[in-house]
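Subject: Structure handover

Hello,

Here is the structure for your files. My notes on what was found follow below it.

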Amino acid sequence: MSTERGPISQFIEKQYLHFNAAAMVDAAKGYETHLLEGGKMMVTIAGAMSTAELGISLAEMIRQDKIAIISCTGANLEEDIMNLVAHSHYKRVPNYRDLSPQDEWDLLENHYNRVTDTCIPEEEAFRRLQKHIYKIWKDADTSGERYFPHEYMYKILLSGELEQYYEIDPVNSWMLAAAEKNLPIVVPGWEDSTMGNIFASYVIKNEIKASTMKSGIEYMAWLADWYIKNSGGKGIGFFQIGGGIAGDFPICVVPMLYQDLEMDKIPFWSYFCQVSDSTTSYGSYSGAVPNEKITWGKLDIHTPKFIVESDATIVVPLIFAWILKQ
């Protein structure tokens, strides 16, 4: 056991010896080896990981250059910022499994939107962010400028406008860490998010042009260019938290380049790990085992592959702790 590691790493190396626990340690060691050999890592974030406060460990991973690029849902993009500016107004409901439909309705009437055991406050989170991001959207629209969803979020964070509202230590905001690094992000399906819905409402009201927001197709084109430029040497690994569009969209860049653009020398993803409690069955992307991805031209037969069938809110901070030697 390495003595240069902190107590978390030492604990998991000693105790996590079998089943999903061992798979987790193997995946963490594989991630570390990939970086040590000069590889880069994409991390994809599905689920409600920002509301689960993954930023506590993810932000430090970004600061220490353990992540080269992120793919996330629109919800994760915005909910880290909402947690940053409205944390004290969140409401925890530990007995959420016992709530009746009436209990749920009462939460809605009180402007709380529930994510498992945590309720996001509409006024302090959604509307507070909306008030400030609208001006940035509108200014771009008026000037005929166009940006990606995450670029607008970077602009609002780097402007300092939101600092007056900070309710957590900003060191624990992964979006702030990403903005400060100008970390590449792709946000497939951004319109399926609260800010995406709000942006659409301005388009419907003819206040903002839809084209002011760059699209998912443009994200894919940008990602293709980034992958070509960064996949040399050891290549790019793929660390997938959950499943869904945050994972499936970016992983498809490889078969697109290879099959559709006929770049037969493009490298496959050079590491793959999925942390998910999705049941392996019924044709879902989230429930597909890594070997299925070989048939789609996403992974090579020799790509190191790991799957940890467990709750990402438990597992991912431990893997990040290992990589950070905590």
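Start with the strands. Strands here are DSSP runs of at least two residues, helices (H or I) are runs of at least four, and both are numbered from the N terminus. Two strands count as paired if DSSP finds at least two bridges between them.

Before going on, the ground rules. This is a predicted model, where local features need pLDDT of at least 70, side-chain atom pairs count only at pLDDT 80 or more, and totals for chains, interfaces and linings use all residues. Residues are numbered from 1 along each chain as its sequence is written, and side-chain values use heavy atoms, with hydrogens and water left out.

Back to the hairpin. E4 and E5 form it with two residues between them. Thr-116 sits in the turn and has a positive phi of about 55°. E5 also pairs with strand E3 (residues 91–92), antiparallel, over two bridges. There, Lys-91 stands opposite Cys-119 in E5.

Which way do the side chains of E5 (residues 118–121) point? Thr-118 and Ile-120 go one way, Cys-119 and Pro-121 the other, and all are buried. Buried means under 20% relative accessible area, exposed over 50%, and partly exposed in between (1.4 Å probe, protein chains only).

Next, a helix pair. The axes of H3 (residues 55–63) and H14 (residues 312–323) come within 9 Å and cross at roughly 30°. Axes are lines fitted to C-alpha atoms over the stretch in contact, with angles from 0 to 180 degrees between N-to-C directions. H3 contributes Ser-57, Leu-58 and Met-61 to the contact, and H14 contributes Pro-317, Phe-320 and Ile-323. Contact means heavy atoms within 4.5 Å.

Last, the aromatics. The structure holds 16 aromatic pairs. Rings of Phe, Tyr and Trp (its six-membered ring) pair if their centres lie within 6.5 Å; planes under 30 degrees apart are stacked, over 60 edge-to-face, the rest tilted. Tyr-134 and Tyr-202 have ring centres 4.5 Å apart and planes at 45°, so this pair is tilted. Tyr-134 lies in H6 (residues 122–143) and Tyr-202 in H9 (residues 194–204), so the pair ties together parts 68 residues apart in sequence. Tyr-134 is partly exposed at 23% relative accessibility, whereas Tyr-202 is buried at 8%. Ring pairs also link Tyr-31, Phe-239, Tyr-271, Phe-306 and Phe-320 into a cluster.

Best regards
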